[in-house]
Amino acid sequence: MISNTELPARSNVLRRPFGLLVAFLGLPVRDMIGLVLAWVLLACAAVALRLVPFRRLAPLLGKALGPAASIPVIDARQAERARLIRRSVLRAARVAPFRSDCLPQSLAGAVLCRVLRVPATVFLGVRLDDVPSGMAAHAWLCAGPVAVTGGQSFDRFTVVAAFALPGSRSVQAGC
């Protein structure tokens, strides 16, 4: 027999998928499409990172710039697309049942930037400090002044590698 104390917990579990569906259906069509694409790309990135060594994935990100800190120049239309990609990837990461931290987000965002022709740069950085392992790593994606993914804390990391997507005209700076 189910006690009354168990019912609210069960009803919350049942309401969450329904609430996600209602929220999804309330989005503009372009955001719906972006969310679905971002979710699929995040899943592909998570699987690829599990099965394929990163050195094999790195060339897919574009031209290796080394530890250069440069960001591509974009126009207003590309900046709007970059913000759409940011929203889509963040929403997809929130509901993903698989690995969706900074690296898969950067990979998925880079693919979306390529598809939508938004020049961007993927950055990989490290920080040596008092984290339990002694080192923390981070990946982020920038398109002009827009921090597409991983933009919450990139200023605390030292760039160790950067990859410019094809068609990116860069300037030296941080995003």
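Is W140 buried or exposed, judged by its relative accessibility? In this predicted model, W140 counts as buried because its relative accessibility is 3%.

**View 1. An aromatic cluster is formed by F123, W140 and F157.** The whole structure holds 4 aromatic pairs. One of them joins F123 and W140 in a stacked arrangement, with 5.6 Å from centre to centre and 20° between the planes, and this pair links distant parts of the chain, since F123 lies in strand 3 and W140 in strand 4, 17 residues apart. F123 is buried, its relative accessible area being 3%. The rings of W140 and F157 make a tilted pair, because their planes stand at 45° with the centres 6.5 Å apart; here W140 in strand 4 is linked to F157 in the loop between strand 5 and strand 6, 17 residues apart. F157, at 12% relative accessibility, also counts as buried.

**View 2. The largest nonpolar core comprises 36 residues.** Those that touch the most other members are I85, C113, A143, V148 and F163. Several elements give two or more residues to this core, including helix 4 (76-95), helix 5 (102-115) and strand 6 (158-164), while helix 2 gives the most, with 7 residues. Leaving aside residues up to four places away in sequence, V148 touches A82, I85, R86, L141, C142 and A143.

**View 3. A nonpolar surface patch of about 380 Å² is made by L20, V36, W39, V40 and V95.** Helix 2 (residues 29-51) supplies the largest share of this patch, 3 residues. L20 is placed in helix 1 (residues 7-25) and counts as partly exposed, with a relative accessibility of 38%.

Definitions and conventions:
Residues are numbered from 1 along each chain as its sequence is written. This is a predicted model: local features need pLDDT of at least 70, side-chain atom pairs count only at pLDDT 80 or more; totals for chains, interfaces and linings use all residues. Side-chain values use heavy atoms; hydrogens and water are left out. Patches are made of residues with over 30% relative accessible area and no salt bridge: like charges are joined within 9 Å, nonpolar side chains (Val, Leu, Ile, Met, Phe, Trp, Tyr) within 5 Å. Accessible areas come from the Shrake-Rupley method with a 1.4 Å probe; for residues, only the protein chains shown count as cover. A salt bridge is a side-chain nitrogen of Lys or Arg within 4 Å of a carboxyl oxygen of Asp or Glu. Helices (H or I, at least four residues) and strands (E, at least two) are DSSP runs, numbered from the N terminus. Buried means under 20% relative accessible area, exposed over 50%, partly exposed in between (1.4 Å probe, protein chains only). A nonpolar core is a set of buried Ala, Val, Leu, Ile, Met, Phe, Trp, Tyr and Cys residues joined through side-chain atoms within 4.5 Å. Contact means heavy atoms within 4.5 Å. Rings of Phe, Tyr and Trp (its six-membered ring) pair if their centres lie within 6.5 Å; planes under 30 degrees apart count as stacked, over 60 as edge-to-face and the rest as tilted.
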